[in-house]
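Subject: Structure handover

Hello,

Here is the structure for you to look through. My notes follow below it.

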Amino acid sequence: MNCWKTINLEKDYGYTRMMISAISLTILFFIMAFLCFQLTHPETRLSSHNAPLFVMLLFATMLVHRVVHLIPVMKNKKKMTLFKRNCWQLVPKRVMLLSLLSPFCVISPVYFVLGMMFPMYAHYFIIIASIHAGYCLPDFLFAWKLLKAPKSCVIDQAQDEFDILVDHTSSS
């Protein structure tokens with residue numbers, strides 16, 4: 001296996017730029033989602049009750065995000081941990097893309113459905129979905145870089161970077 005490319009998002013983009021981009025994505029996502037909600041439900045009166053529940057739901061979302069990341073790669077991991085940094089070892093490109101994009105594709109629709117079911121609390125659900133979208137930015141950036149990688153590559157994680165490995169012996 002040879003390393004095709006090493007990706008370290010913090011080195012590539014910088015911590016400050018990543019944070020500003022994530023916050024900008026959160027704000028943009030909130031504006032678009034809340035505007036759509038207000039246009040489709042103009043008569044809804046929003047409730048400010050249950051704010052502590054909102055905070056607990058926000059923390060639960062981040063935990064669920066970690067779990068949903070692990071589901072596609074479960075067979076590739078010998079030992080799974082939720083709180084320790086994930087250590088991916090030789091994960092195929094397709095599985096890694098699924099793992100990267102699944103938290104956003106699973107969690108965001110749930111909050112939109114909850115917003116429709118409980119319109120008086122839709123602003124809470126939209127805020128959580130927006131924060132989650134900003135939290136997913138590194139996943140989106142890595143998936144974008146991974147899409148450009150060769151089809152038969154595998155992903156290996158080392159410290160704060162991901163190595164995209166290609167087997168050159170099988171291609172000759």
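In which helix is the place of Ala 51? Ala 51 belongs to helix H3, which covers residues 51-70. Helices (H or I, at least four residues) and strands (E, at least two) are DSSP runs, numbered from the N terminus.

Before the rest, two notes on the source. This is a predicted model, in which local features need pLDDT of at least 70 and side-chain atom pairs count only at pLDDT 80 or more, while totals for chains, interfaces and linings use all residues. Residues are numbered from 1 along each chain as its sequence is written, and side-chain values use heavy atoms, with hydrogens and water left out.

Ala 51 is partly exposed, at 33% relative accessible area. Here buried means under 20% relative accessible area, exposed means over 50%, and partly exposed lies in between (1.4 Å probe, protein chains only). Ala 51 and Tyr 121 are 70 residues apart along the chain, and their C-alpha atoms are separated by 9.8 Å.

Now the strands. Two strands pair if DSSP finds at least two bridges between them. Strand E3 (residues 154-158) pairs with strand E2 (residues 91-92) in the antiparallel sense over two bridges; Val 154 in E3 is the bridge partner of Pro 92. E3 also pairs with strand E4 (residues 161-166), again antiparallel, over five bridges, and Phe 162 in E4 is the bridge partner of Gln 157.

Last, the cysteines. There are zero disulfides, a disulfide being a pair of cysteine sulfur atoms within 2.5 Å. Cys 36 is partly exposed, with a relative accessible area of 49%, whereas Cys 153 is buried at 3%.

Regards
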